[in-house]
Amino acid sequence: MSEETSKVTVNNEYKDRLFNFIFGSPDNRKWTLSLYNAINGSDYTDENAIEFNTIEEALYLGMHNDTSFLISDIMNVYEHQSSFNPNMPLRQLQYLGSLYEGYITKYQLNKYGKELIKLPVPKLVVFYNGLTNKEDESLLKLSDSFDEAQRNEADVQVRVKMLNINYGHNKELMEACRPLYEYSWFIDRIRYHLKSMKIENALNKSIDEVPDDFVLKQFLKINKSEVFAMLLTEYNEDEVHELFKLDGIREGIDIGADKRLIGQICKKLKKGKDINTIADEVEEEVETITPIVEVAKKHSPDYDVDTIFNELYPEKGQKRDSLFG
């Protein structure tokens, strides 16, 4: 069965992502291998060398990853993210532990024995296509979650390569993996049409516009119902609105706390209190309130809280990621 005309069976245990539907299916090994070669600068040609070992929800009590596979002595863990998640090193560490446990069980290795177990080398990658501008390539580290004062003492480090796969980014990578370029183009067309039409119409029009020489064209047409189901789930307006609502609540709580602190400090500055006294009365460290005091003093005698807040935290008004970018 050729890659251009294959019909893929959907895993009904959970809603898949289109990215994983294309690159994480045993039926599309050639595309998976192309992606692997593009990322690693390798030139493997035997697609049967790929051994998928993706964690499935039914086996791991609600936890599953997008796709993972072994090739040679490399354990590849790939995740697709349409909104930036700085906690991917933690999540991939959890995935990796489960994957290694499965590997040890499959090959009947004794982790309590005297002989050193040889494990496949982990390669952790996140493919990002959200709207927030990100560099073509960045490195997410588990150590960033640790207290900065003790970060260098940590006995564990996890590094995750994040690749921006929005259309127009990572051109060399896209040139090395044609299906990835076409996926990026396709998502970009959907976003463009969503500005003027409903999601169902945008999906139909985008599929119709796929150039004839795209290797994904027939795949998208043959699997159209599955593609629609996955993209409609990712674009589900109720889910998006609910997430935005929750994000807004969290952001509102943070902003409210910041403004209350600024207001308290301004009141005490008006009374002529020094920074040490203010820090003691608001129960904060001097280092914490120093930037606030310095900015607030520039706005005396009015001490407008909103003006001071906007100068201190301009980034908090920026647009957040959407669920699907």
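This is a predicted model: local features need pLDDT of at least 70, side-chain atom pairs count only at pLDDT 80 or more; totals for chains, interfaces and linings use all residues.
Residues are numbered from 1 along each chain as its sequence is written. Local features need pLDDT of at least 70, side-chain atom pairs count only at pLDDT 80 or more, totals for chains, interfaces and linings use all residues, and side-chain values use heavy atoms, with hydrogens and water left out. Helices (H or I, at least four residues) and strands (E, at least two) are DSSP runs, numbered from the N terminus.

Let's start with β3, residues 74-81. Eight of its eight residues are buried, meaning under 20% relative accessible area, whereas exposed means over 50% (1.4 Å probe, protein chains only). In a regular strand the side chains alternate between the two faces of the sheet. In β3, both faces are covered: Ile74, Asn76, Tyr78 and His80 lie on one side, and Met75, Val77, Glu79 and Gln81 on the other.

Two strands pair if DSSP finds at least two bridges between them.

| Partner of β3 | Sense | Bridges | Residues opposite |
|---|---|---|---|
| β2 (residues 67-71) | antiparallel | five | isoleucine 71 and isoleucine 74 |

In the hairpin of β2 and β3, two residues sit between the strands, and serine 72 has a positive phi near 60°.

Now to α10, residues 275-282, whose buried residues are Ile278, Ala279 and Val282. Viewed down the axis of α10, these fall within an arc of 100° (taken from the directions from the helix axis to the C-beta atoms), so they line one face of the helix. On the other side, Asn276 and Asp280 are exposed. Just after α10, glutamate 283 adopts a positive phi of about 60°.
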